[in-house]
Amino acid sequence: MPDDFALGPDPDHPGWMRWELREKGRYNSTLGPMSVMQRDDGTVVVRTVPGRLQGNLADNVHGGAILTQVDIAMFVCARLNGSLRQGPGVTLDLSTHFVGAGKVGVPIDCEVEIIKETGRMLFLRGLVKQQTATICAYSGTIRKMRRRTEERP
């Protein structure tokens with residue numbers, strides 16, 4: 001686990017871990033606290049509780065907040081499964097299909113799994129759920145980057 005992230009028991013959610021960037025004030029903090037769980041099959045679930053800041057004028061969760069959670073969840077999955085141990089990564093594409101609205105104040109779970117991994121690429125897919133309702137289906141690709149010391153001259 002890179003030193004940029006802290007992973008430890010989540011005191012507010014037994015059985016879950018708290019996922020945080022060590023450096024405060026980055027974009028990830030706009031979602032508030034994130035809890036994570038890794039299932040036996042490698043699927044990762046990233047949970048947030050959207051508040052007013054993540055809401056739109058209809059008091060639903062803003063699509064941009066959901067996209068942010070999806071993107072972060074893909075990287076959490078890649079790190080917890082050991083696919084991004086050696087360096088950073090970059091999102092190459094993210095395809096989403098919104099099928100419902102999320103409600104402010106109700107936990108949102110972003111489930112994600114790695115479909116295929118190559119030397120430089122990760123292909124992922126998942127669902128965003130709130131209680132029993134599916135809000136969004138998605139797929140995305142992460143390109144694994146070299147550490148700065150590995151870059152070519």
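Which residue in β8 stands opposite threonine 96? In this predicted model, the residue facing threonine 96 is tyrosine 138. The two strands concerned, β5 and β8 (residues 133-144), pair in the antiparallel sense over 9 bridges.

This pairing belongs to a wider arrangement. Eight strands form an open sheet with antiparallel pairing, and their order is β1-β2-β3-β4-β6-β7-β8-β5. From one strand to the next, the twist averages 25°. In general, the strands of a sheet pair through backbone hydrogen bonds, in either a parallel or an antiparallel manner.

Helix α1, formed by residues 63-80, lies across β1, β2 (17-21), β3 (34-38), β4 (44-48), β5, β6 (108-117), β7 (121-130) and β8. Relative to β5, helix α1 runs at about 130°.

Nonpolar side chains tend to be buried together in soluble globular proteins. Here the largest nonpolar core has 29 residues, and the members touching the most others are Val46, Val76, Val112, Leu124, Val128, Tyr138 and Ile142. Two or more core residues come from each of β3, β4, α1, β6, β7 and β8, and the largest share, 10 residues, is given by α1.

Apart from neighbours within four places in sequence, valine 46 is in contact with Met34, Ser35, Val36, Gln69, Ala73, Val76, Ile108, Asp109 and Cys110.

Technical notes. Residues are numbered from 1 along each chain as its sequence is written. This is a predicted model: local features need pLDDT of at least 70, side-chain atom pairs count only at pLDDT 80 or more; totals for chains, interfaces and linings use all residues. Side-chain values use heavy atoms; hydrogens and water are left out. Two strands pair if DSSP finds at least two bridges between them. Helices (H or I, at least four residues) and strands (E, at least two) are DSSP runs, numbered from the N terminus. Axes are lines fitted to C-alpha atoms, for helices over the stretch in contact, and angles run from 0 to 180 degrees between N-to-C directions. Contact means heavy atoms within 4.5 Å. A nonpolar core is a set of buried Ala, Val, Leu, Ile, Met, Phe, Trp, Tyr and Cys residues joined through side-chain atoms within 4.5 Å. Buried means under 20% relative accessible area, exposed over 50%, partly exposed in between (1.4 Å probe, protein chains only).
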